Amino acid sequence: MIAMRTINTQKIEDCVYRLALKAGLSLTESCRDALAMAEQAETGAAKFALSALLENERTAQREKMPVCQDTGLSVVLLEIGQEVFLEGKPLQEAVNEGVRRAYWDGNFRKSVCDPLTRANTGDNTPAALHTEIVPGDKISLVFLPKGFGSENMSRLSMLTPAEGREGIVRTIVETVKIAGSRPCPPVYVGVGIGGTFDSCAFLAKKALTRAVGSRHARADVASIEEEALHTINALGIGAQGFGGTVTALGVSCEIAPTHIAGLPVAVNIQCHCVRCEKEVL
Amino acid sequence: MKKLTLPLERAQIEELRAGDAVLLSGVLYTARDCAHKRIFALLDEGKPLPFPLKDSFIYYAGPCPAPAGKACGSCGPTTSARMNSFAPRLLDSGLAGMIGKGEMSAETVEALKRNKGVYFAAIGGAGATYGNAVVRAECVAFPDLLSEAVYRMEVSDFPLVVAVDARGNSVYQRKSVYQRKEG
């Protein structure tokens, strides 16, 4: 029998707390770099907006204020090694407690409510927790606070196999075009290709945890990322919809086998405020 | 950059052109989806509103809680398009304009033209910048809505872009999705 590594869920709670506080106040390095490059490339109102955004992050760090007031619905991705034994309070409770403490201590906005009564839960819980069991004895934790100006512009399409690669690119570009100025462009586009209705959407979310500008290891997937990005940036929407050549900072696709009858494509839009923190326990 | 102080005369508003960058100071009222619904209910019942509509500006925003020693937490704009169903009636009732982010519908643009109003775009995502520019903030209605309540805010040098001017010209150069749908 393999010796199990015991981890108390208090450690996960503390990790969620740490990552949430950091994520609220800072952009990912790849996002910051992409914004700086876009600022160099653009002119006029778009340049004004991009330089304001770069300055905004510096203000956030200096004043210890969230970069964006939409501190998001807390998405937590946990990859749990199958040789890990979890002890302590139930996992979802531990994750929620980490969120609750961070959103209180960080003066983050509480943006979670009942979908029907619209009553605010008051502490930004529950977190959207995704767990995957993986080989090994470690836990990898990703914290992604997801703003809804961009989440609202996301779409899932069940294409036919005949629509193929062309249909995938068309769907990605169309989604960004319909979103227009509303999701805070320049956007970061996460795409799920294949799987089922539900797993496809999760792939799109996972794609957003990759570095902006990274390319998929599979050449045919990377070429979809590149073509979609190129076509999106020819739309002319630009930063904040003010016009320009940078409508998206990046496109990342994740792929999984699907059914012979289908081709699900999920497009998850992330605004230019890419906040995503990671840690391995 | 042009500096403006609220309240604005309609003549001042008419001088603004889509694409102009301005620094705006003065008093604003925040309202998002839920607050708008309640304001409409009050209007329908003929009851008084918690703030004056005439010549006021609504800021589509819901701030983070204020850290110790500050008037307000992060406070950038939210997506204005969700308020398209509310904006025309408020403009017709005396509202001078709105501040938000992203394009608005043809109906809203028409109402801006009709009433000589203006729609300013704040830079979406620049929450720390705007929060830091709030000098004073006070909840004036619907406190149960938390960040979605109506706040009276005194702001200093909000960096904004004139998104739709009083002639109906828009900074969003492409036809808006709403206009595209209508052909």
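The model is predicted.

**Domains of chain A**

Chain A splits into two domains. Domain 1 takes in residues 5-25 and 67-146, and domain 2 runs over 148-275. Their centres, taken over C-alpha atoms, are 25 Å apart. Where the two touch, domain 1 of chain A gives 13 residues and domain 2 of chain A gives nine. On the domain 1 side, α1, β2 (73-81) and β5 (139-146) of chain A each supply at least two residues. The largest share of that side is four residues, from β5(A). By class, the domain 1 side has nine nonpolar, two polar and two charged residues.

**Ala23(A) in helix α1**

Ala23(A) sits in helix α1 (residues 9-25) of chain A. Is Ala23(A) buried or exposed? Ala23(A) counts as buried because 27 C-beta neighbours lie inside 10 Å, and the cut-off for burial is 20 or more. Beyond its neighbours within four places in sequence, Ala23(A) contacts Phe143(A), Pro145(A), Arg275(A), Cys276(A) and Glu277(A). Thr71(A) is 48 residues away from Ala23(A) in sequence, yet their C-alpha atoms are 8.8 Å apart.

**Helix α6**

Helix α6 of chain A covers residues 164-179. Its 16 residues should span 22 Å at 1.5 Å a residue. The end C-alpha atoms are 23 Å apart, so the span agrees with expectation. The buried residues of α6(A) are Ile168(A), Val169(A), Thr171(A), Ile172(A), Val173(A), Thr175(A), Val176(A) and Ala179(A).

Just after α6(A) comes Gly180(A), with a positive phi of about 55 degrees.

**Contact between chains A and B**

How many residues does each chain bring to the contact? Chain B brings 39 residues and chain A brings 38 residues. On the chain B side, the elements giving two or more residues are α5 (127-132) and β7 (150-164) of chain B. The largest share of that side comes from α5(B), with five residues. The chain B side has 19 nonpolar, 17 polar and three charged residues.

Methods. Residues numbered from 1 in each chain as written. Chains lettered and ligands numbered in written order. Predicted model: local features only at pLDDT ≥ 70, side-chain atom pairs only at ≥ 80, totals over all residues. Buried ≥ 20, exposed ≤ 12 C-beta atoms within 10 Å, placed from the backbone. Contact = placed C-beta atoms within 7 Å. Expected span 1.5 Å × (residues − 1). Nonpolar A, V, L, I, M, F, W, Y, C, P; charged D, E, K, R; others polar. Domains from an automatic or database assignment.
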